[in-house]
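Welcome! Please have a look at the model below, and then we will walk through some of its features together.

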Amino acid sequence: MGQGTTANGRFSGGAGGGGSRGGSLLFPRGRQIQKTFNNIKITILCGLVTILVLRGTIGVGNLGSSSAEAEQQALIEETNRILAEIRSDKDPTDLDDANGDTFNPNVTYTLGSKMTNWDQERENWLKQNPQFPNSVNGKPRILLVTGSPPNPCDNPIGDHYLLKSVKNKIDYCRFHGIEIVYNLAHLDKELAGYWAKLPLIRRLMLSHPEIEWIWWMDSDAMFTDMVFEIPLSKYTNHNLVIHGYPDLLFEQKSWIALNTGSFLFRNCQWSLDLLDAWAPMGPKGPIRDEAGKVLTANLKGRPAFEADDQSALIYLLITKKEEWMNKVFIENSYYLHGFWLGLVDKYEEMVQKYHPGLGDERWPFVTHFVGCKPCGSYGDYPVEKCLKSMERAFNFADNQVLKLYGFRHRGLLSPKIRRIRNETVTPLEFVDQFDIRRHVSSESRS
């Protein structure tokens, strides 16, 4: 189960269980032990392979080189087998997998026990636990939630870019007083892939009543304006804030009218009800396949594929507009989601003309690499183009962080940095001038 950590390094307990058919809240003990042994095996095997290579290099292997080569090959094969086993969702020692509940496609899927009085229960809890306020320094508490699959990436470099992406999010949260959870667990075996965020968001709402807003962000999205802050006061009468365009949603019924790669849910009964209404198209297998056909038939431009969470939400809001839309804020005055292809090649121009803190097309708040899938073995765009673009986005944002320390990247494609000002005996003047937190505070007062 994934652990969450706040921006200042505190750990919060992992998000609990998912849907009513999702099984246990924690990974079975057998799986944990098995994976621990696998990691130990890999370490030992790598050591033995190194020894064998050294033997051959220094000439000791003359006493039986053919035997050593055979042994080395066997070790390599065993290592590959263990890696394949770790990447697999199956564990032969996990009895819960073998005896798990059988999903019944004839019963409407639910995320869990129906909640009907969450607003009152949460209000009472907050009164009884004043040490856990839902606002700090007058600002509602936000929990940024992101994550990735529990297995290693198919493409080895994908793990490197996942690390860069989470580093970017931690930096932003650190500057803005936001807590962060990074999840690696599938909380509900029926809602994998695009849909895994739904049971996670629900569980975090119920487990953290002190949090006012849950902010989901995909792992392939990065903050590229480290100064801009979401104007929460704008959404006093709304419970869902999502990037999109009303005309595309209701006039064209486009399948890209909204983007679920970055959105905010208020922690309230309304949000729990919307999650319950959203989830039934998500169970993998026949239900998701059939729902995909309905979505493709009703949403303009949607290719034929299984139901995804974004299309399902768009369809729900179109067909149940009167029920839901009065609490949905469709945001496009800044880039809560900014499609990468139109942005990454303009960063140098942005630096010349504008400054961070704008959040819109002049200096995008979020750059989202839709269609790149750096962790997977496929994508909609060439891998090289995606990785170069992600490197540019990361370094563009990182330069805003490094500026306080007197450094910047040598170029937007370079991990190396260079000094941009000399050391001084009066360092606090640079803190006053360059600290992002100070810019945020001054903008909040103005």
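## A buried cysteine and its partner

Cys153 is buried, with a relative accessible area of 1%. Here buried means under 20% relative accessible area, exposed means over 50%, and partly exposed lies in between (1.4 Å probe, protein chains only). Cys375 also counts as buried, at 18% relative accessibility. These two cysteines form a disulfide in which the sulfur atoms are 1.9 Å apart; the term disulfide stands for a pair of cysteine sulfur atoms within 2.5 Å. Cys153 lies in the loop between β5 (142-147) and α5 (156-176), while Cys375 lies in the loop between β12 (366-368) and α13 (383-402), so the pair ties together parts that are 222 residues apart in sequence. The names of these elements come from DSSP runs, numbered from the N terminus: helices are H or I with at least four residues, and strands are E with at least two.

Before we go on, please keep in mind that this is a predicted model: local features need pLDDT of at least 70, side-chain atom pairs count only at pLDDT 80 or more, and totals for chains, interfaces and linings use all residues. Residues are numbered from 1 along each chain as its sequence is written, and side-chain values use heavy atoms, with hydrogens and water left out.

## The second link

How many disulfides does the structure hold? There are two. Besides the link described above, a disulfide joins Cys372 to Cys386, with 2.1 Å from S to S. Cys372 sits in the loop between β12 and α13 and Cys386 in helix α13, so this pair ties together parts that are 14 residues apart in sequence. Cys372 is buried at 5% relative accessibility, and Cys386 is buried at 2%.

What is the handedness of each link? The torsion about the S-S bond of Cys372 and Cys386 is about -85 degrees, so that disulfide is left-handed. The link of Cys153 and Cys375 is left-handed with -105 degrees about its S-S bond. If you number the bonded cysteines of the protein in sequence order, the pairing reads 1-3, 2-4.

## Two residues with positive phi

Lys373 is found in the loop between β12 and α13. Lys373 has a positive phi of about 50 degrees although it is not a glycine, and it counts as partly exposed at 33% relative accessibility.

Asn137 lies in the loop between β3 (135-136) and β4 (139-140). Asn137 is not a glycine either, yet it has a positive phi of about 55 degrees. With a relative accessible area of 78%, Asn137 is exposed.

## Nonpolar cores

A nonpolar core is a set of buried Ala, Val, Leu, Ile, Met, Phe, Trp, Tyr and Cys residues joined through side-chain atoms within 4.5 Å. The largest one has 49 residues, and Phe265 and Trp278 have the most contacts inside it. Another core, of 26 residues, lies apart from it; Tyr172, Ile180, Phe329 and Val401 are among its members.

Helix α9 covers residues 286-298, and at 1.5 Å a residue its 13 residues should span 18 Å; the end C-alpha atoms are 19 Å apart, which agrees. The expected span is 1.5 Å times one less than the number of residues.

Which residues of α9 are buried? They are Ile287, Arg288, Ala291, Gly292 and Leu295. These residues cover an arc of only 135 degrees around the axis, which puts them on the same side of α9; the arc is that of the directions from the helix axis to the C-beta atoms. The buried residues of α9 pack against α10 (309-319), where contact means heavy atoms within 4.5 Å. On the other side of α9, Pro286, Lys293 and Ala297 are exposed.
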